[in-house]
Amino acid sequence: MSQIIKLKRGFDINLAGKASNKVENPSQQETYAIKPSDFIGLKRPKLLVEVGDKVKAGQPVLFDKVMEKVRYVSPVSGEVTDIVRGKKRVLQEIIVKADNQETSVQFDKFSVSDIANLDREKAIDLMCESGVWPNIIQRPYGVVANPETSPKAIFISGFDTHPLAPDYQILLKDRKKDLQVGIDILKKLTDGIIHFNINASGEIPSEFSGLAGVQFNKFTGPHPAGNVGVQIHHLDPINKGDLVWTINPVGVAQIGKFFLEGIYDSSKIVALVGSEVNDPRYFNVRMGARINDFAEGNVKNDNVRFISGNALTGTKVSSKGFLGFYDSMVTVLPEGDQDEFLGWILPTTSKLSFHRAFGLFSFLNQGKEFSLNTNNRGEPRAFVQTGVFEKVTPMDIYPMYLLKAIMAEDYDEMEELGIYEVIEEDLALCEFVDVSKHEIQDILRHGLELIQNS
Amino acid sequence: MFEKGGKLEKFYLLFEAGETFLFSPSETTKARGAQIKDAIDLKRLMMTVIIAMIPCLLFGTWNVGHQHFIAVGELNASEIDKWLVGLKTVIPILLVSYIAGGLVEVVFVIIRKHPLNEGYLVTGMLIPLVVPPTIPLWQVALAAIFAVIIAKEAFGGTGMNVLNVALTARAFLYFAYPSQISGEVWTYLGDKTPVDGYSGATPLALANQSITSGESVVTTLNSFGAGWFDDVYSFSNMFFGFMPGSIGETSTLMCIIGAAILIMTGVGSWKVMLGVVLGAFAMGNLVNVIGANPYMDMPAYYHLIIGGFAFGTVFMATDPVTAAQTEKGKWIYGIFIGILTVIIRVFNPAYPEGIMLAILLMNVFAPLIDHYIVQANKKRRLKRATV
């Protein structure tokens, strides 16, 4: 039964550099990479290719020995030019130089009626083999879902409230057929409901209206109302022992297209946003694209930070780095690596703050767009101010107590306080507003790993 | 020179403290996690509290001089003279408090290798505001050292203490050197002699005495000072603060201004403050009903303006580290402080002032209050599992 849920707690971060509606092709598209670090739960990655191998688009290059069925594939056809490893030989990037003509691994095509007759096992096998399976993330823990399990429900968040997040209407333009097929496939994977959550402050967006097989729920409120974790908490909370799956609408469309056309289509529309971008707009690229391929020439100066993803939960990459598997945006912000004289007391209206302490006047200017840099704004301290995290977490969770339980490595306490219900993006706002500058998302991931491995 | 391997490596954290005092640090956010951060930091938070205390500090300094000249009979003294007397008395206490406590903090930075935290900026100013102007400076130093070592660093420094550090300093003085912190110490006399008929009793002491004398508290207060200065303890004087007492405690109005600053900036919890006031008011009315002695008959709203009640409510009870840390817990914490303050005042002839001990006691119980609130959260979660 459809629900309408109004959330009050949270905080919208209004950054400068929103993308206009233009979608362009980038100047060059040559190098791509699969980054195993994108997949948090990858425990024992095993390479299937070596430097110099020729691969087709959709050909497996990696798998996890702990979950062998799921294959991670190359986004383009071409030659593997480099395999970059980090400290302790951790796999960081598998770089592929694209061919001029693309060749893909070919699978069977299915018509809409074929799909209705497709059985669950076969669908799962095809998804795992083709490389579209990693789109499905499981909760708790926020890792790639295990195809041998079955969730109690599937959740899709149809709107993104992160700073400068792209508009799904542009990302998924004319993809309704793919979305519907994707949903039909997902329906086979669970006995429960597929929840499709949309922003209530408007009609159901045109790209999503008319989708069958899902329960539409409406959410209003500031960020993080668009976070699927928050939505799960209000619709069907995760308890100990429960399993739910979440997937991004872009991933649903990719699954749908795979079944309809039999190929792994890594093409993606990505938004280039941020205050340091000359002309923020969308680009037609592919998964794993090199940032410079579409950002070059579009950035105001050299002392900037490229973030694959959004400013709260994204990952810093160099300009020669690559787009993350799950990301549909690249944020470019000024690096804040300068000292500021008496910066901690001088009154300011240009720095954004959730708080109203002496000299912080940004709360007077609600609609303003801020150009924030990456300065840490203070040194790490012990927890002092209380009550702030609860104001930005629209869930019945006490984040400070959860974090303290993780820091004390108290497993029972972590469970009882709701660690199963959150992943990093749900507490990212807490990390933003924290007076004591803790690395909250890091701490949370540490706690999730402890519980997962216990 | 201060970096690892350099000559003064031990003092690196002190150098860093000095550097970050002048310049906001240039560290940027890490590669994974929130890439942008809120403009607030602990230094700005603490500065906001200090700014909220400045009205009490300024008025209190002037008032030390004002009360001095009343007591010695020079009612025509100029404002400048009052300020000079006040500054002459208060500035040494402030300096000793900051230097003594600050030195202890610095020693612990070197020993424990944790950065110099900003917590003492606030504590260093709170301690002078809660002691009488005649307090010997060596006692201030001793109290600051004791409080920082025992109440703060022994537990792990800023953010880890159970007891309010400034109140621990005052409690130390109260129990270790009672004669300099109670009795007739609240007016600075200097070398001069007071006028005939002068009495240095405070409203709390007078109210306390009424338990044995049987006279109504309000009458005693209103008639006090007749002969050498009428209306010392009239209601308006007590509200505005034109009376002797600890340096920063006398003026309820200044405390209300401080409360407004703390609440508007979101730095101090209005729930704690309102809880304390409501608790005290409710208990005050309850003892009115019991009416076993004249102190109990005192109107409940008088409790809010006599003694250190207002100051404790606004600046001591709201310390986020030692108060309850859940929002619901803050109400319970505040209300109990108010109730206990009135109980200690009217039922116990040995302790005229109740707010200090009430806050310290509730500091100890705050974790227990939070424990039950968090338990309720856990139970709700379990209940969702079985539905």
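**A walk through chain A, with a look into chain B**

Pro140(A) sits in the loop that links strand 10 (137–139) to strand 11 (143–144) of chain A. Helices (H or I, at least four residues) and strands (E, at least two) are DSSP runs, numbered from the N terminus. This is a predicted model, in which local features need pLDDT of at least 70, side-chain atom pairs count only at pLDDT 80 or more, and totals for chains, interfaces and linings use all residues. Residues are numbered from 1 along each chain as its sequence is written, chains are lettered from A and ligands numbered from 1 in the order in which they are written, and side-chain values use heavy atoms, with hydrogens and water left out.

Back to that loop. Arg139(A) and Pro140(A) are joined by a cis peptide bond, with omega about 5°. Another cis bond runs from His223(A) to Pro224(A), where omega is near 10°. Pro224(A) also lies in a loop, between strand 14 (215–220) and helix 5 (228–235) of chain A.

Now the whole chain. Chain A contains 12 helices and 21 strands. Its C-alpha atoms fill a box of roughly 65 × 50 × 45 Å along the principal axes. A compact globule of 454 residues would have a radius of gyration near 22 Å, and the 22 Å of chain A agrees with that. The radius is taken over C-alpha atoms, and the globule rule is 2.2 Å times the number of residues to the power 0.38. Of the 454 residues, 61% count as buried. Buried means under 20% relative accessible area, exposed over 50%, and partly exposed in between (1.4 Å probe, protein chains only). Contacts (heavy atoms within 4.5 Å) tell of the fold as well. Among those in chain A with a separation of 6 or more, 69% come from residues 24 or more positions apart.

Strand 9 (residues 91–98) of chain A deserves a stop. Six of its eight residues are buried, so the strand is mostly covered. Which strands pair with strand 9 of chain A? Strand 3 (residues 31–34) of chain A runs antiparallel to strand 9 and is joined to it by four bridges. Here Ile34(A) stands opposite Ile94(A). Strand 8 (residues 78–85) of chain A is also antiparallel to strand 9, with seven bridges between them. In this pair, Val84(A) faces Glu93(A) of strand 9. Two strands pair if DSSP finds at least two bridges between them. In a regular strand the side chains alternate between the two faces of the sheet.

Strands 8 and 9 of chain A form a hairpin with five residues between the strands. Lys88(A) is found in this loop. Its phi is positive, about 60°, although Lys88(A) is not a glycine. Is Lys88(A) buried or exposed? Lys88(A) is exposed, with a relative accessible area of 83%. Glu409(A) is another non-glycine residue with a positive phi, of about 55°. Glu409(A) is placed in the loop between helix 9 (399–407) and helix 10 (411–416) of chain A. With 40% relative accessibility, Glu409(A) counts as partly exposed.

On a 1 Å grid over the protein atoms alone, a cavity is a set of points where a 1.4 Å probe fits but cannot get out, and a pocket is an open set with protein on both sides within 12 Å along at least five of seven lines; lining residues have an atom within 4 Å of a point. Grid points are joined across faces, edges and corners, and a volume is the space filled by probe spheres set on the points.

The second largest pocket has a volume of about 640 Å³. It is lined by 30 residues, and Asp160(A), Thr161(A), His162(A), Ala165(A) and Pro166(A) lie nearest its centre. Helix 3 (168–171) and strand 13 (194–199) of chain A are the elements that give two or more residues to this lining. Helix 3 of chain A has the largest share, three residues. The lining of this pocket divides into 15 nonpolar, 10 polar and five charged residues. Ala, Val, Leu, Ile, Met, Phe, Trp, Tyr, Cys and Pro count as nonpolar, Asp, Glu, Lys and Arg as charged, and the others, Gly among them, as polar.

The structure also holds nine cavities of 30 Å³ or more. The largest cavity has a volume of about 350 Å³. Its lining has 23 residues, with Met46(B), Gly119(B), Val122(B), Asp319(B) and Pro320(B) nearest the centre. Helix 2 (42–71), helix 4 (119–129) and helix 6 (165–176) of chain B each give two or more residues. Helix 4 of chain B gives the most, with four.
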